[in-house]
Amino acid sequence: MTSRNPPSSPTSVPPRVPQRSQSVSSHTKSFKVPFWAQILAGLVLGVLLGWLARNQDVSWLVTTLEKVGDTFIGLLKLAVAPLVFFAILVSITNLRKVNNAARLASRTLLWFMITSLIAVSIGLIIGLVTNPGAGTGLTPKDGKEPESTGSWIDFLTGIIPTDVITPFTELNVLQIVFMAAVAGIAALQLGEKAQPILTLSESILSLLQKALWWVIRLAPIGTIGLIGYAIATYGWDLIGKYATFTADIYVGCLIVLFGVYPTLLATVAKVNPIQFFKGAWPAIQLAFVSRSSVGTMPLTQKVTERLGVPKEYASFAVPFGATTKMDGCAAIYPAIAAIFVAQIFDIQLGVGDYLLIAFVSVVGSAATAGLTGATVMLTLTLSTLGLPMEGVGLLLAIDPILDMIRTATNVAGQALIPVLVSARENLLDRDAYATADGSSLDDPFDAEPRDKTEPVPAAA
């Protein structure tokens, strides 16, 4: 009996050791700076350094800020081509795991078009009310025709690549999407024969997402460079010259972000809009800084899944939206910009022109392809209306400042539509939606157990 006592006393000690380490770990973790706070700190520091570089004429600081920002965007773009290809391919093949896949795809596209129409309508109303081109002091001579322009012929014929290499080297996202869609549909037709390719594609996609997360973690540093260089280069004078136009874009995007989207969430999805922004905020803030819907796409998909959207459906809807769903860049912006350019060149637009702007925004939004800037969509709109291409040159200087809010609106919409469709189709996990919290997102691309991605056995 006594021989059992000695072991009993030491055995009571070890459990306390991990408990203590866990408490220390959680205590330490509680002091970790949230990602949103890091981004905010980067914004503030970037503005201060940009102001210092401009006012004190510190050329080396301007160059440093430019290099830091360009490096961050370059790292994001580095993963764009393979990420889009494998994301679209895997997303199409994942539809085989979802009941009523065709219905979900059609509903997703329908809501993309509905929200784009609402957004472009808001842009037109704001432009007509505020007259953004009046009183700017700008003249047609201040603009110059861009080196490349968009047209419907280029848009339609440019979708099909001439070879399989050039779209990746020239980062032609539309052609990459086309090839990925063809490969995905072919894989569905082959069935089990294509399984090795699908397994490899899923592994490559996971690898790309993990690597991209390391780049995303650099966003606070990238923010310093991007914001700082914008302030150092353009200063507040440029914003003042384009004050009405800049305000119009921001007001229009904010109305869509915090007016239209919450209304749709409350009335269509019948969920709490505030909870949506809690869950989606990490992706929205990264989009604001990076100005790239495609670069933000993996994070957008993860926050969408955390909001209760089934993984199989989210893996289709989010990549699809990242290349075609552009309420900021392809709806609000070209609507107001077309009015702005018409006023600078003293060209009167009629009702037919406004309807044409709406049509271009709803149908041609894929032209933006989720990359930084919206020049292609703007040139497509201007060429359709017959407005001078020199108008694009008037807006290039202010574009980086506008692109931040445009891209944030894009990404919010790309997360919103899957939530709406899932709720309408009774697929949304409302418990997960109600508990989604953006502040707890540390590394969303950690490996997950394989059984979470497999179809439910009962449904097989």
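Reply: Cys329 is buried, because its relative accessible area is 4%, under the 20% cut-off. The model is a predicted one. Cys253 is buried too, at 0% relative accessibility. What separates the two sulfurs? The sulfur of Cys253 has its closest cysteine sulfur in Cys329, at 8.0 Å, too far for a bond. A disulfide here needs the two sulfurs within 2.5 Å. The structure as a whole holds zero disulfides.

Now the rings. The count comes to nine aromatic pairs. One of them is Phe245 with Tyr333. Their ring centres are 6.2 Å apart and their planes meet at 70°, so this pair is edge-to-face. The cut-off for that class is over 60 degrees. Phe245 sits in helix 12 (residues 243-269) and Tyr333 in helix 16 (residues 328-344). The two residues are 88 apart, and the pair links distant parts of the chain.

A second pair is Phe316 with Phe320. Here the centres lie 5.5 Å apart and the planes are at 25°, so the pair counts as stacked. Stacked requires planes under 30 degrees apart. Both residues belong to helix 15 (residues 311-324). They are four residues apart there, so about one helical turn separates them. Their accessibilities fall in two classes. Phe316 is buried at 9%. Phe320 is partly exposed at 24%.

Back to Tyr333. Tyr333 and Phe245 belong to one aromatic cluster, together with Tyr242 and Phe340. Tyr333 also has a charged neighbour: Arg406 lies over the face of its ring, 4.1 Å from the ring centre.

Val294 is found in helix 14 (residues 293-306). Val294 is buried, because its relative accessibility is 0%. Its C-alpha atom is 8.7 Å from that of Leu76, a residue 218 positions away along the chain.

Tyr333 pairs edge-to-face with Phe245 and carries Arg406 over its face.

Notes: Residues are numbered from 1 along each chain as its sequence is written. This is a predicted model: local features need pLDDT of at least 70, side-chain atom pairs count only at pLDDT 80 or more; totals for chains, interfaces and linings use all residues. Side-chain values use heavy atoms; hydrogens and water are left out. Buried means under 20% relative accessible area, exposed over 50%, partly exposed in between (1.4 Å probe, protein chains only). Rings of Phe, Tyr and Trp (its six-membered ring) pair if their centres lie within 6.5 Å; planes under 30 degrees apart count as stacked, over 60 as edge-to-face and the rest as tilted. A charge sits over a ring if NZ of Lys or CZ of Arg is within 6 Å of the ring centre and within 35 degrees of the ring normal.
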